[in-house]
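Here is a report on one protein model and its ligand. Look at the strands first, then at the ligand.

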Amino acid sequence: MVFTSIIIPFNKGKKYLKECLESLCNQEIENYEVILIFNGADENIEDIITIYQTKLPLKIKRFEEEIGVSKARNEGIKISNGEYVYFLDSDDYLFLHSLDKLAAAAKNSNADVISGRKIDTFYNLERFYETYSQNDFDNENECKISDRDCSINSMIHPSGDISNISALHVLIKKTMLKNNIFFDEGLRYFSDIPFIFQVIENSKTFKHVENAIYAKRERDDPIQLPSLDQEDPENNPLHYVEVYTKSLSFIDSDEKLKIRLDRKMVYYYLEDFSPKFHRDPENQLIKEHFKKLAEISTNFHPKSIKWYQKPEIRSLQKDDLNGAKKYLKLRLSVRKIKLLIKSPSQVDIAIYINIFNKLKMKENMILFESFRGDYYSDSPKYLYEYLYNNYKDNFRFIWVINDKNKKIPGSPKMVKRLSLSYYYYIARSKYWVINLRQLRRLRKRKEQVILSTWHGTPLKKLGLDIDEIYSATPQIKKHYVSDASKWDYLISANEYSTKILRRAFKYTGEILEYGYPRNDILYTKNKELSIKIKKNLGIPLNKKVILYAPTWRDDEYYEQGQYKFNLKLELDKIQKELGEEYVILVRTHYFIADNLDLSKFNKFAYNVSYYDDIAELYLISDILITDYSSVFFDFANLKLPILFYTYDLKKYSSVLRGFYIDIEKEVPGPLLFTTEEVIDNIKNIDRVFEEYKEKYDTFYNRFCYLDDGYSSKRICEKVFKDYLN
Ligand code: C2G
């Protein structure tokens, strides 16, 4: 006898479905069936089915055309044999033993509805399991209010708007559904909402299990793989009005339930809908939606509206758009003032937007920024120096530099990032030359021009190509695309990068495939300069130099943007074996927050993490050791030996990022996994270099062929041509 029928509609997102099914294998529940409804899926997932058919009691029903989630779930109910049905989404998954707990509670209580707890996450299954252990949830098992209230809270989240109502992660007694309860097939969106109100109205007994955890995935890719509610956001107001009206018809006399539903609509109107007047005042669609919301709002229960919301909701109820706009303006101003008082940096932003950005823009003013103002380096430096050396009188140059003691040729105006003068110059400069994505709070003006230099030939997957965004926000893919859409020019070092950058950022603007300005210096190969750099760093002139420049790791961080550095190369061993002949420069990535202490390796190992320009370090190095950093694409211009210390290759390539090239076959040097191997390869560096000669040449011809020392010139002549006379 089947006790639980798990119903999963599947439309798209194969990689998510796999994790969903995998999480079911991690339950020990008995007497269950898994009903998979193919809702017009066009991905081939036979391989997944083959795997899970042997592990799970799968029942599959296929619909060639998309039938919608409501119908798919109803079809699941129809063919289910369980005493209870349970809805799981194919992009979500369950924590260990969650279903076991719900089923046990169902058996013990025989309740009509048994609910658990949903946690929003953008982690994948593996990371979720890694992050949480059962103990994290166990002591939260107590339901302090009644089971009914807890269940209702789990189905109708107490905060947020109406979209926060869900049929997921509840065992529902099937005899109860026979009462003519089903998902409304006329609704493409939010059909959970009226369904859940029917379930609540018809259920007599409830049970809630707080430590039965359901992971509700916030999709990390709303562009390529949108979820249903990310699909048609423009028309959400109409969908909400429709499900609201339908839900009302199921709430008989339960005043409390009605207040809850109305509260969600009030919240939706105030927080999501009305701010649109502000953003887009003349939009006809918004005006029509306002009318529709006005119609239903007369029905709102007075207790669903807080006293301070009353005037604003009243103008909605009177269908008075102008009044509603006035109240909105007032509310937003109060909010802004509160924010300004709480966070003084907001004052600068307000001044930037409301004052600076309205001043006249300066035609010949260029603002340069490299790695968030921490370095005078990278392509912005070389573009600047080209313009300064050749056309200094034609421009006003601004550098974003956090340490104003830095020496920059030509003494340009220096501004600290995020200071008031930073915003002033951001607003007034016609050109921004930047090597990372610009800050999201900046309001680029129509006439302003962004020259994005980017900061490396991509090895690690980027932007939309990343499968799992390990440590960034779920919205990041959207941000990549919208940030890049504001660029006017994007520099690419080679044809390979052009293809990737276009796709990974969905970038449609102009690409300057002219080589990397930052590599110009590598073609001047000036002995005097090398000696000067070495002297500056205090490095003995008679020793050979190894540069160790690894990248950062998505999963090793203190907080977002603050990454840890784990020095895995055993410098003491290297010093012992090679200290007579070599010194080693250790250069951490600009994301690394740790301060490296190499003082015990006096005169052998040097921390060059704060040295501005890594290109100058390439110039004085005889060997580069790196891992997955794009530095080797640049260093290869020097045609000197490169070793790859890839001690965590497996994890980095599969779990964290994935690569664009076959690192085991295509890189111009050996992959090494221990310090001993590194030492051995350095001892035999001539032989190793010779062994890799052919690969090196192929690599050079594919990635370095455009660099010749004149990239900055080509780019400046293109972008700033009107000023070069
Ligand atoms: N870099 C550095 N020192 C390091 C590592 C990197 O100075 N130890 C600089 C180099 O100029 C390098 C750039 O930062 O080319 C980018 O670093 P990556 O390690 O490649 O990593 P990431 O910042 O993730 O950029 O398309 C490029 C990718 O976006 C990679």
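Two strands pair if DSSP finds at least two bridges between them. Keep that rule in mind, and remember that this is a predicted model.

**An eight-strand sheet**

Eight strands make an open sheet. Their order is β3-β2-β1-β4-β7-β6-β8-β5, and the pairing is mixed. Which strands stand at the edges? They are β3 (58–63) and β5 (93–94). Each has a single partner strand, so one side of each is left without a neighbour in the sheet.

Strand β1 covers residues 4–10 and strand β2 covers residues 32–39. The two run parallel and are joined by seven bridges. Ser 5 has Glu 33 in β2 as its bridge partner.

**A six-strand sheet**

Another open sheet has six strands, in the order β20-β19-β16-β21-β22-β23. Here the pairing is parallel. The edge strands are β20 (605–607) and β23 (671–672). Each of them has a single partner strand, so one side of each lacks a neighbour in the sheet.

Inside this order, β16 sits beside β19. Strand β16 spans residues 544–548, and strand β19 spans residues 582–586. Five bridges link them in the parallel sense. Val 545 stands opposite Val 583 in β19.

Ser 492 stands opposite Glu 513 in β15. How does the chain get from β14 to β15? The path goes through helix α21, residues 495–505. This β-α-β crossover is right-handed.

**Around the ligand**

There are 21 residues around the ligand. Thr 551, His 589, Tyr 590, Ser 629 and Ser 630 come nearest. By class, the shell holds ten nonpolar, eight polar and three charged residues. At least three residues come from each of domain 3 (353–519) and domain 4 (525–703).

| Residue | Protein atom | Ligand atom | Distance |
|---|---|---|---|
| His 455 | polar side-chain atom | oxygen | 3.2 Å |
| Arg 518 | side-chain N or O atom | oxygen | 2.9 Å |
| Pro 550 | polar backbone atom | nitrogen | 2.9 Å |

Is the ligand buried or exposed? Taken alone, the ligand exposes 610 Å². The protein buries 97% of that area.

Conventions
Residues numbered from 1 in each chain as written. Predicted model: local features only at pLDDT ≥ 70, side-chain atom pairs only at ≥ 80, totals over all residues. Heavy atoms only, no water. Near = heavy atom within 4 Å. Polar contact = N/O pair within 3.5 Å; in protein donor to acceptor, adjacent residues only side chain to side chain. Areas by Shrake-Rupley, 256 points an atom, 1.4 Å probe, with all protein chains shown as cover. Nonpolar A, V, L, I, M, F, W, Y, C, P; charged D, E, K, R; others polar. Domains from an automatic or database assignment. Helix = DSSP H or I, 4+ residues; strand = E, 2+ residues; numbered from the N terminus. Right-handed = clockwise from strand over helix to strand, strands pointing away.
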